[in-house]
Amino acid sequence: MTLWSRLRSWAQATLRRSRMESEMDAELRFHIEAFAEDLVRGGVLRTEALRRARLEFGSVERVKQEGREARGVNLSGELLQDLHYGQRVLRKSPGFTAVAVLTLALGIGANTAIFSVVNAVLLSPLPYADADRLVLVKEVLPHAGPQPVSVSGPDIAQIQKLNHVFEKVAGFRVWTYEFSGRGEPQRVTSDRISSELFDVLGVQPIVGRVFTAEEELAGPRVVILSYGLWQRGYGGQPGVLGQTANLDREPYTIVGVMPQSLVFPLPGMAQGVAADLWVPLGFTKAELEDVGDNFDYSVVARRKPGVSLGQVNADLQLVARGVLETYEKSARDAHQSLGDFQLGMASEPLRDEVTGPPRPTLLVLLGSVGLVLLIACVNVANLLMMRAAGRQKEMAVRLAIGAGRFRLLRQFLVEGMLLAFLGGALGLAVGLGLKDALVAGMPRSIPRFHPIALDWTVLLFSFLIVSLVGLVFGALPAIWTSGTNPNASLKDGARGTSEGLDGQRTRAAFVVVEVALSMMLLIGAGLLVRSFQRVLNTNPGFRPEHVLTVSMDLPPAAYSRDEQVVSFYKQLTDRLRQTPGIVDVGGSTDLPLLGGWTHAFTPEGYRSSPGAGLNMCNHSVIYGDYLEVMAIPLLRGRYFTEHDGPGSTHVLIASESLAKKYWPGENPLGKRLKWGTAESADSWLTIVGVVGDVKQGPLDSVTALHTYEPYAQLGSAPSLRIAVRSQGEPGAAAAAVRAAAWGLDRQLALGDVRPMDEVIRRSTAGRRFSLAVVGAFAVLALTLAAIGIYAVLAYSVVRRTHEIGVRMALGAGRADVVRMVLGQGLRVTAIGILFGVAGALGLTRFLESLLYEVQPTDPPTFVVVLLLLVSVVVAASYLPARRASRLDPLVALRYE
Amino acid sequence: MDKQLDLLQGTLDMLILKAVSLGPLHGYGILLRIQQISKDRLEIQQGSLYPALYRLEHQGWIASEWGESENKRKAKYYRLTAAGKRRLQAETENWNSMADVIAGILGTKPEEI
């Protein structure tokens, strides 16, 4: 009852505040008038009675105030008052408010945007049921290196059989197919998968079913469509089940459709291209018997509940031993020995695999945007402090007429919060815009399996930042002014309170912090710029201009005989060579920058040092004038000719570094090597030429050893990346390639039609992105710091007007005054730079993974940033300095 | 008029509860009634009456409603609630026993110890 009535009274008082106020007015008025009437009745004059009644009643305002307090409405009421007052204060100095709110909005907006990306990529769970239990299993071949590799096909079944730690295990391998008969033929990305894959992921088809265990072995051709391909190719009809999909010219029966939300494999995974469709692994008997080879499959597994990663890895060692036994048995059957062949297994959370690569970049971005927010906060704190100094008199007056110190503190807090939330609101708008720009520019290397949005987590993050900022901003000036002694301040006020050393020191400290933080960001950005330059200046080993590449994979069903393949490519290149504008045509099994398979080889007579492992190199089978089209320079010997074929000596072209490594100081021409180990049955290949090194991986990767073999020597290779050098725009050649290819085979799907310079651009996209973002932050930081330094010096000149006047009156020249102000700015900057350099030396090592051929302590970067910073400080100090020097000593002396 | 006494700390609430227990009254009326009962021997700060009234109302011991005064004016009347009645009773007992004890102590003569 009591509690209820209290609540009701409070609620009424709070909600119907104006009514309560007017009732209180009416009640008190009634009292005074009734009292006055009694006095009149007692013989006092009416006018005099009212005056006496009021006098005796005392302060109506105080009674009302106590009345409000008695009803417990005071807190919210006063808070409203504070808000109202705060809002008036902010409105009264629009310049200050605009600068502060805008600064905060930039800081908060940038943080919101970056955090929305970090949240979606690093913090959100993977889009599968109970995704934390998913791990990737890999095999380790100690003789080939410590890095885990993919799994050999037949081992998938062994892992499924031998492990004790997984609920389900599934293997998969990315594959591409020609998808024809439904509009223009296209290359689709597909996944060959174990039947358990969708159980491992915890996903159900929306139409139809998943594969059965029987379908996993080569047999019926069945396919499950992704939602996208279902819509694209079949108009999303539910009747799609039982229809056929034409893959590589063979009919596959559609048995299911997966939901739109399913993305697998995830971008960022080793074989990470989201699949358009899934087919069973379809191992043939021969493939299952080919143990210990073709480590080409990925394995994903779901841990049993409560099983730790450590337990998984311990169990996998036993599994690896079991798998090795199958190798030994098979080797015994073939009357061979495995030698010192070893096999290990390792697993890591699926999440680490996906979020690992983009993590350093994103953390660097998050760190730099945090620095920007810090600088923004320091700037605003600086402004607030100057204002607090100016408001000391106001505070003194309020204290003198009876405001409590708590009330003043609260006033500051409310003002700080008001600023922070205004900045935050605008910041959200800024963040939304920045986020869209970020997402648009985001490279593929940052996986996107969740939409990047300002969701609740992001909003909460921004809200926390804003609240923290508001709290600090409220507390700081409150602390500075809380020492205010009303008496001293009011007396002092006559001559613009001479500022204590404390205030000057604090402001100097702010500038030091700003300069230091900007310095760190600038150095970070500088290092990224230098790395980017280095990468762009890297010689890729070929000339990308005017080169167009197109992937062609001739389906075995239609090109079962080698002659068919050979004839297709011969006719294609002949036709293209006759096309006006096309200079030269060639083809290769893999293209620069896009990676490729590595092969083990044995150079003749080469004795490798013990424990050095296998000799590995990249290997391309090339067709036509590939080396000429790519302009990969011939250093020794010759390019391949039409005479190199199955009938003649088997030939090879080696890259410069391979030749140098295995035949240093010798003529590599005429030397021989063969695939596999020395005992392998392959024939020797004779080196007839040496060409320049080519970047097979991204521009910033290590240059791999490389060999080239002529296509004709192998009989046939149905998959080629056709490269065309044209006179004009490479895009124009695309039409010619299409016409030529479809003239020969209308059903053929052409994949990855792109100019080589676009491939280069794409390979640097990640770098370009982080450079653009960190660079933008650094520029923002520098601008904010310049504003901060300008504000501090300008303010200090105003406060020192009198002093400057005295100095000038005593004979200081204008140059002396300029020197004094500039000196003040530079001294503080110098300290800031010292801290900045120290901080940068400590922090830039976190950048190391993003740098390329640049040390984190790169002296030129430090020097350039230092010069930049000093010139900006001089520019920012010059205006206040000039203003100080133009002061009229007479006016300055009288200045108050 | 006898010398006026200052109100003991904390007793105003009790007096208000007693005053309105005799029938609904407006603020000014409560003041008059206390003065009348005390035969003008208690000095009550007029301004202090209202915060006390609001406090008591907030605590649910008295309730208020707008009514018409003797001279046909709108006035806010207060009356005792059931909770207020219990409160008044408790306070009265408490006060009486306290007064007895204090009076006993103050009335002690040296030979009684």
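Student: Which side chain of chain B meets A:Glu37 in a salt bridge?

Tutor: Let's start with the rule: a salt bridge needs a side-chain nitrogen of Lys or Arg within 4 Å of a carboxyl oxygen of Asp or Glu. This is a predicted model, where local features need pLDDT of at least 70 and side-chain atom pairs count only at pLDDT 80 or more, while totals for chains, interfaces and linings use all residues. Residues are numbered from 1 along each chain as its sequence is written. At 3.1 Å from N to O, the partner of A:Glu37 is B:Arg73.

Student: How many salt bridges does the rule find across the interface of chain B and chain A?

Tutor: The pair A:Glu37 and B:Arg73 is a salt bridge. Across the interface of the two chains, the rule finds 3.

Student: What area is buried between chain B and chain A?

Tutor: Buried area is the accessible area (1.4 Å probe) that two parts lose on being put together, summed over both. Carbon and sulfur atoms give 55% of the area here, and the total is about 2,300 Å².

Student: Which three residues supply 32% of the area that chain B buries against chain A?

Tutor: Chain B brings 24 residues to the contact (heavy atoms within 4.5 Å), and chain A also brings 24. More of chain B's buried area comes from one trio than from any other three residues: B:Tyr28, B:Tyr54 and B:His58.

Student: In what order do the elements of chain B run?

Tutor: Helices (H or I, at least four residues) and strands (E, at least two) are DSSP runs, numbered from the N terminus. Chain B has 4 helices and 5 strands. From the N terminus on, they run β-α-β-α-β-α-β-β-α.

Definitions and conventions. Chains are lettered from A and ligands numbered from 1 in the order in which they are written. Side-chain values use heavy atoms; hydrogens and water are left out.
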